[in-house]
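Open the model in your viewer and keep the selection panel at hand. The stops below can be followed in order.

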Amino acid sequence: MSRSSDFLRRLFSSWTTALGAVLLFIIVVAAIFGPIVYTVDPFEMLGRPAQLPSARFPLGTDVSGRDILAGILNGARVSLIVGLAASLGATLIGIVIGALSGYFGGLIDDTLMRITDFFLTVPNFVLLLVIVSVFTSTIEVITLAIAFVSWPSVARLVRSEFASHASREYVHACRGLGMSHMEIMGRQILPNVMAPIIVVSSLMVASAILTEAGLSFLGLSDPDIVSWGYMIGVGRTVLRSAWWMAAIPGVMIVLAVLAINLVGEGLNDALNPRMRQR
Amino acid sequence: MAFSIPPFLQFMFRRVLQIIPVVIAIAALNFLLLSLAPGDAADVISANNGGASAEEVQALRESLGLDRPMIVQFFSYMGGVLTLDLGQSYVRGMPVLDLVMSRVPATLLLMVTSLALAVLAGILLGILSSTRYGSLLDRVMSIISLLLYSTPHFWLALMMIVFFSVHLGLLPSGNIATIGGDFSFLGRVWDVFVHLILPAVTMAMFYIAVYMRLMRSSMLEVLDLDYITAARARGASEKKIAYSHAARNALLPVVTLAGVQIGHALGGSVLIETVFGWPGLGRLVYESLLERDTNTLMGILVVSSVLVIVVSLCIDLVCGLLDPRIVHK
Amino acid sequence: MTSLLTVKSLCVGFPGKRGVLPAVEDLDFHIAPGETLAIVGESGSGKSTAALSIPGLLSRSSRPVVSGSVRFEGQEMLNMPDRKLARMRGPDVGMIFQDPSTSLNPVFTIGRQICEPLRTHMGLDARAAEARAIELLELVKVSAPEQRLAQYPHNLSGGMRQRVMIAIALACSPRLLIADEPTTALDVTVQAQVLRLISGLQKSLGMAVLLITHDLGVVWETADRVIVMYAGRKVEEGPVRRILSQPSHPYTEGLLRAARKEGRDGFLTEIPGVVPPPHQRPPGCAFEPRCARAIAACRAAVPAIRSTGPGQVAACIRAEEGQPA
Ligand SMILES: Nc1ncnc2c1ncn2[C@@H]1O[C@H](COP(=O)(O)OP(=O)(O)O)[C@@H](O)[C@H]1O
Ligand code: SF4
Ligand SMILES: [Mg+2]
C-alpha cells in the first residue's frame, strides 16, 4: 500500500506528468463514452458540406456534410485501440525475441539479432505500406502490421536486460533448484526487468497512433472506420478554403500523443529513479 | 603473403558485403508477402486494364511465368534481385530499377537537407539547453520539443502550407520546381531551393526535437565527467567547455541515432513527399499504392534498404572521425 | 609567515533527500609559498571535496553548497565570477587528478590539450605553444615528445597519461599545485617515479603543493606539514615529523599503526569500521564509534581543536592524556 502510494506520489510529482494524465483521462473518457452519449453517425451526410461550428454541428461539417464531432469521438476509439493493441503486440513479440536472445546468447542470439537488425534497416513505414497494400485493409490487419514492424526496439532492450540478468547469482540459484529455462525467464527475470519495458511500450503507444494516422491519411485505413488520419486526408482536399477541417483532427492527434508521451516520461522517472536527476 | 589490406578498407569491405544478406532477406520477404496476398500480378494488371476474360488472365499469367511452381518462381525472383533486375512495372511499362533510381536524387536532396538541418539545429539547441539546465529557457525548450515530437509531420506539413503558402503567399506549396518555369541555371537552383524550404523544414522539425532531447541528456552526462573538470582546472572558459570539450563527446550518440533513423526518415518521406508533391521515392510509394503496382513497391523496399545501409556506412565513417578510439578497436 | 592560500571555516554540503549533507565542515588551513601540505584520511573523509572547492571545481550537477572563505594571496576565491576564476586556474592554481585515464579528453590529441592553457593564458600562437608543449613533455620525462603531440590519450599508458596531466597543470607555472591522490590509480612501480617527479619539479619551480593522499609513506617522503581529516573535519594538523612520531589523535595513531603493519605502501584499512557517510555521523566526535579510548563525554559535543605540541593541533578531548604509542 505505502509502496504503491509512494510510487503514485513520485509519478505525479511533476506537473507535466499530471497534465498528461489529465489529458489522457479526458481522451479515454471521450473515446469510451463519447460515441454512446453523442450517437450521431459519423458516416451519414446530415447537412450542407463545410459548415462552420454551430449548435447542431459543434465542430461543423466536412466536405460531404458529415458531423465532424461524431468523427472525432469515433476516431478517438480507433486511435487508442490501434495504438494500445499494436504496442501490446510489438511488446509481446519483442519480449519473446529479446528474452530468448539475451538469455541463451550464442547462436540463438546471433540469429535473432540478425533478424532484428534486418527489421531496423528496412524503412518500416514503407514495409508497413507494402504489407497493408498486399492484404485487405481491415483494422485488425493494420494493427498486426504496425506491431510487426515495431517490435525490434523492444527486442533490443529486452535482450540487453535479459543478458545482464542471465549471469546473475539468483538465476544460477534457480537453475540449481531445478527450474526450467522457461520458468526462470518468465517468472524470475521478466518481473525484474518489467520497468523499462513498460516505459518503452507506453511510449510506443504514441508512435503507433502516429503511424496509424499516417496510414489512414494516405487512405489505407479500414474503409468502414472513421479515424483522425482519415479525417485529415478528407480535410486536405479543401485545405485552401476550409483549413480547420484538417486542423481539428490533427490537434486531437497532437493532444493524444502528447498526453501519452508525458505520462510515459513520468513513468520513466518514477520507475527508474537512477535517471531521475536529469 | 606480405600483402595485407589496411584495416580501414577491410572495415568498408565488410560493411558493403552486409548489403547482400539484407537484399536476399528483403527479396524473400517480398516473395512471401506476394504469395500470401490474395490474387496475383495477372489479376492486378487485368483489373487495371478494365477487366479481362478468364482465358486472357490465364494467358497473361503464363506469359509472366506465374503458372510455374512456387519454388521455381522464388529462385527466378531471387536471381533477378541479385542481378539488379527488380522486374517490370506492369503499370508504367518500364523496368522497376530505372523507375526507382530516377526518383532517388529528389529524395536524397530532401533527406540530406532536412536531416542536416535537424542535426545542426538539434545539437545547438541541445547544448544551449544543457548549459542552462533547469532554467526557464531549458524548460520551455523541453516542452516545445515534446510538442514537436508529438506532432504528426504530415499534418504539420498541411498547416505549414496553410500558413506560409495560402495565408502569407510566401512559399510554393508543392512540387520540386515551377512547372514550365523558364530560368537560367542559377534561377533553377533558386527555384528548387524555394520549393525545398517547406518540405525540408517540416521534416526537420520532428528530428530537431529528437536530436535536441538526446543532445541535451548526452551533454548533461558528459559535463559531469572527469575530463571536463580537468579542462575547467586548466582555465578553459565555460563556452569552450560546452561547445568544444563536451559537445565533441556528446555528439557521438546523436550522430549514431541519426544513422539509425535514416530508415525512419525514409518512411516519413512518403507522407511528406505526398503532401508536397515532391517527386521522390516516397511519392512513388504513394503512386504505386494507388496503382497497385506491387512490383515497384517491392523494388522501392529493396533500394531504400540499400540506401539505409549506405548512409549508415557513411555515418560510421563520421563517427570514426569524431572519436579516434573507434578506428583502433 | 606569509600565506599563499588561506582557507577559513570552509563548509561544503551536497543537497540530498533529507536536506543538505555536509561533506566538509569547518575546515581551516593555510599553505605558505613553496610549501608542501599533505591531507591524509581514509576514503570518504572529504579530502577531494575540500581540494576541489578551492579552485571552484565541485561537480555542478550535484549543486554543492559552499560557505567560508578561500583566499589566494588575499583574494577571495569563493563566489568569484566564473570568468575571473577561470583566469586563475592554470597560472595561479594547477590541479592533477586521481585517475589519469578519465582526466584527459578522449577525442582530443595530447598536443591540443597541453597547448590549450598555453594559448588561453599565455597568449602563445600555435607554433610557440607547440614548442613549449614539447619542452613541458620533456620536463615531465615523457619519451618522444614530438610524436606524443599527435597521439590520443588511449595511445598512452597510465603513467604516461599522469605525466601528461602534470605537464598540463604545470604549463602556466602555477604557484599552487593541487594533487588529488596523483598516484593511487597507477602501478606501484610507476607511483614512486611520479611522486619523485612532482617533488623534484616543486623544488625547481618553487611552487606550493597541496598533496592529497591516503598513503603515509608518501607523506613522510614529500610533505612539510600534514592535515589529518576524518568525516569531513580536520582532526589533527602539524609538522610531518611530529605527526608521524608523536600523533595526538587516536585516529592518526590508528592510521600509523595500520601503515606500519602493512609496510611502506600500506593502505589504511586496518582500523575496524568505516568512515560514516554524511547522513550517519554521530553527534559529538565522529570517530567515537571506532575509537578505543572513547568515553561518555566524547558523545556530548564535537571536540574543539586545541594545541597539543609545537605547531601541532588536534580535535580530541583526551589528546593530552595517555601518551601515544
Ligand atoms: N558530488 C557529490 N555529491 C554528493 N555527495 C558527494 C559528492 N562528492 C562527495 N560526496 C560525499 O562527500 C563525502 C566525502 O567525499 P570525498 O570528498 O570524495 O572524500 P575523499 O576524497 O576523502 O575520499 C563522501 O561521503 C561522499 O559521498
Ligand atoms: S574525542 Fe573521544 S572518541 Fe573522539 S577521538 Fe578523542 S577519545 Fe576518541
Ligand atoms: Mg578522493
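Predicted model: local features only at pLDDT ≥ 70, side-chain atom pairs only at ≥ 80, totals over all residues.

Residues are numbered from 1 along each chain as its sequence is written, chains are lettered from A and ligands numbered from 1 in the order in which they are written, and side-chain values use heavy atoms, with hydrogens and water left out.

**Stop 1: salt bridges**

Over all chains there are 27 salt bridges (a side-chain nitrogen of Lys or Arg within 4 Å of a carboxyl oxygen of Asp or Glu). Select B:Asp138 and B:Arg216, whose closest N and O atoms are 2.8 Å apart in a salt bridge. B:Asp138 sits in helix α7 (residues 136-149) of chain B and B:Arg216 in helix α9 (residues 185-222) of chain B, so the bridge ties together parts 78 residues apart in sequence. Helices here are DSSP runs (H or I, at least four residues), numbered from the N terminus. B:Asp138 is buried at 2% relative accessible area, and B:Arg216 is buried at 16%. Buried means under 20% relative accessible area, exposed over 50%, and partly exposed in between (1.4 Å probe, protein chains only).

Next, select B:Lys240 and C:Glu116, which form a salt bridge of 3.3 Å, N to O. This pair crosses between chains, from helix α11 (residues 238-260) of chain B, which holds B:Lys240, to helix α4 (residues 110-122) of chain C, which holds C:Glu116. Which end is buried and which is partly exposed? B:Lys240 is partly exposed at 32%, whereas C:Glu116 is buried at 6%.

Now go to C:Arg132 and C:Glu135, a salt bridge with 3.0 Å from N to O. Both residues belong to helix α5 (residues 126-139) of chain C and are three residues apart, about one turn of the helix. C:Arg132 is partly exposed at 24%, and C:Glu135 is partly exposed at 43%.

To see a network of salt bridges, select B:Arg92, B:Arg103, B:Arg283, B:Glu287 and B:Glu291.

**Stop 2: ligand 1**

Show the residues around ligand 1, among them C:Phe14, C:Ala23, C:Glu42, C:Lys47, C:Thr49, C:Ser62 and C:Pro278; a residue counts as near if one of its heavy atoms lies within 4 Å. The shell divides into three nonpolar, seven polar and two charged residues. Helix α1 (residues 47-53) of chain C gives the most to this shell, with three residues.

An oxygen atom of ligand 1 is 2.9 Å from a backbone N or O atom of C:Lys47. In the side chain of C:Thr49, an N or O atom is 2.4 Å from an oxygen atom of the ligand. A nitrogen atom of ligand 1 lies 3.1 Å from a side-chain N or O atom of C:Ser62. Ligand 1 taken alone exposes 550 Å², of which the protein buries 66%.

**Stop 3: ligand 2**

Around ligand 2 there are 13 residues, and those that come nearest are C:Cys285, C:Glu288, C:Cys291, C:Cys298 and C:Cys316. This shell has nine nonpolar, one polar and three charged residues.

**Stop 4: chain A**

Finish with A:Phe33, which lies in helix α2 (residues 15-37) of chain A and is partly exposed at 47% relative accessibility.

Technical notes
Helix = DSSP H or I, 4+ residues; strand = E, 2+ residues; numbered from the N terminus. Polar contact = N/O pair within 3.5 Å; in protein donor to acceptor, adjacent residues only side chain to side chain. Areas by Shrake-Rupley, 256 points an atom, 1.4 Å probe, with all protein chains shown as cover. Nonpolar A, V, L, I, M, F, W, Y, C, P; charged D, E, K, R; others polar.
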